Amino acid sequence: MTNINYDYIENYIRGLVPKKEGHLKEMREYALENHVPIVEEETEEFLKFLIYMKKPKRILELGTAIGYSSSVFFNASKSVEYIKTIEIREDMAEIAKKNHEKLNLNENIDIVIGDAAEVLENINEKYDMIFIDAAKGQYEKYFNLALKNLEKNGIIICDNVLFKGMIANQELVIRRKITIVKRLRKFLKDIEENQDFISSIIPIGDGVLLIGRKEDE
Ligand SMILES: C[S@@+](CC[C@H](N)C(=O)[O-])C[C@H]1O[C@@H](n2cnc3c(N)ncnc32)[C@H](O)[C@@H]1O
């Protein structure tokens, strides 16, 4: 469990989520068996809802892992035409590519192998939704780099921002995670204080941060 919500609340919500079928079910099972961290089930439902309501055409993802979230995002709304997802580990990217092929998504989802920050520096096209889910200690850097890629009225979503409860409760902090915790806390404070953006932290899954740029209304 994630230390964000009471276990009984999480279990209740997860119990309501329709059971996965087909290859997505196999991907979840693979992730569990092989300790690959993928989007929490209740976060998945929340993001599917957002995509369905907001209807993005183009999505940029940092942190592909086995290609689970990108597969879910593509199927969340007919509006989604294209996803670019960045992964540093070649072995993960290879698994993700095979998963996308099995789901017939490889024409619409591009996997770029490399460090997300370095790749971002060379991406100039715009996206309606940017999902940040790579190295937790680099979120503020990713955010600053990705701003140039955000479409007008686009949304940036960051997963795991409450990081197993460590961000809000010092007693939960594991020593070797201190740098990540400090950086995430700084990022959350900076975003909340920045008048150019509107943001909200949702205590679901491992904590989801939603950010929008204030546009002229
Ligand atoms: C939480 S997992 C992504 C899960 C995936 N978004 C999902 O929900 O199905 C984070 C991934 O980011 C990758 N990663 C870590 N540091 C990275 C970096 N600097 N650049 C790109 N990817 C990175 C890891 O190898 C890992 O596969």
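**Notebook: Val39 and its surroundings**

I began with the contacts of Val39 and skipped neighbours within four places in sequence: Val39 is in contact with Arg28, Glu44, Leu47, Tyr68, Ser69 and Asp159. Contact here means heavy atoms within 4.5 Å.

Notes on the model: it is predicted, so I take local features at pLDDT of at least 70 and side-chain atom pairs at pLDDT 80 or more, while totals for chains, interfaces and linings use all residues. Residues are numbered from 1 along each chain as its sequence is written, and side-chain values use heavy atoms, with hydrogens and water left out.

Next, the position of Val39. I find Val39 in the loop between α2 (22-33) and α3 (41-54). Helices (H or I, at least four residues) and strands (E, at least two) are DSSP runs, numbered from the N terminus. Is Val39 buried or exposed? Its relative accessibility is 3%, so Val39 counts as buried. The classes are: buried under 20% relative accessible area, exposed over 50%, partly exposed in between (1.4 Å probe, protein chains only).

**Annotated sites**

I checked the UniProt record. In an unreviewed entry, one "binding site" annotation covers Val39, Ser69, Glu87, Asp115, Ala116 and Asp133. The lining of the largest pocket includes Val39, Ser69, Glu87, Asp115, Ala116 and Asp133 from that annotation. UniProt positions follow the numbering used here, feature names are shortened, and annotations may be inferred rather than shown by experiment. For the pocket, a 1 Å grid is laid over the protein atoms alone; a pocket is an open set of points with protein on both sides within 12 Å along at least five of seven lines, a cavity is a set where a 1.4 Å probe fits but cannot get out, and lining residues have an atom within 4 Å of a point.

A further "binding site" annotation, also from the unreviewed entry, covers Asp133, Asp159 and Asn160. Why do these residues gather at one spot? They span 28 residues in sequence, yet no two of their C-alpha atoms are more than 7.6 Å apart, so they come together. Asp133, Asp159 and Asn160 are in the lining of the largest pocket.

I then took the two aspartates one by one. Asp133 sits in the loop between β4 (127-132) and α7 (139-146). Asp133 is buried, at 16% relative accessible area. Not counting residues up to four places away, Asp133 touches Leu62, Gly63, Tyr139, Asp159 and Asn160.

Asp159 belongs to strand β5 (residues 150-159). Asp159 is buried too, with a relative accessible area of 2%. With residues up to four places away in sequence left out, the residues that Asp159 touches include Val39, Thr43, Asp133 and Gly207.

**Ser71**

I looked at Ser71 in helix α4 (residues 68-76). Ser71 is at 0% relative accessibility and counts as buried. Beyond its neighbours within four places, Ser71 is in contact with Leu24, Met27, His100, Leu103, Leu105 and Ile109.

**Salt bridges**

How many salt bridges does the whole structure hold? The search finds 18. The criterion is a side-chain nitrogen of Lys or Arg within 4 Å of a carboxyl oxygen of Asp or Glu. Side chains of opposite charge can pair when their charged atoms come close.

I noted Glu44 with Arg28, a salt bridge at 2.9 Å, N to O. Glu44 is in helix α3 and Arg28 in helix α2, 16 residues apart. Glu44 and Arg28 are both buried.

Asp91 pairs with Arg89, with the closest N and O atoms 2.7 Å apart. Asp91 is partly exposed at 41% relative accessibility. Arg89 is partly exposed at 42%.

Lys186 forms a salt bridge with Glu140 at 3.3 Å between the closest N and O atoms. Lys186 is in helix α8 (residues 178-193) and Glu140 in helix α7, so this pair ties parts that are 46 residues apart in sequence. Lys186 is partly exposed at 47% relative accessibility, whereas Glu140 is buried at 19% relative accessible area. Elsewhere, salt bridges with shared partners join Lys20, Arg28, Glu41, Glu44, Glu45 and Lys48 into one network.

**Surface patch**

Last, I checked the surface. Tyr6, Tyr8, Ile9, Tyr12, Ile13 and Leu16 form a nonpolar patch with about 690 Å² of accessible area together. Patch residues have over 30% relative accessible area and no salt bridge; like charges are joined within 9 Å, nonpolar side chains (Val, Leu, Ile, Met, Phe, Trp, Tyr) within 5 Å. Areas come from the Shrake-Rupley method with a 1.4 Å probe, and for residues only the protein chains shown count as cover. Tyr12 lies in helix α1 (residues 7-16). Tyr12 is exposed, with a relative accessible area of 56%.
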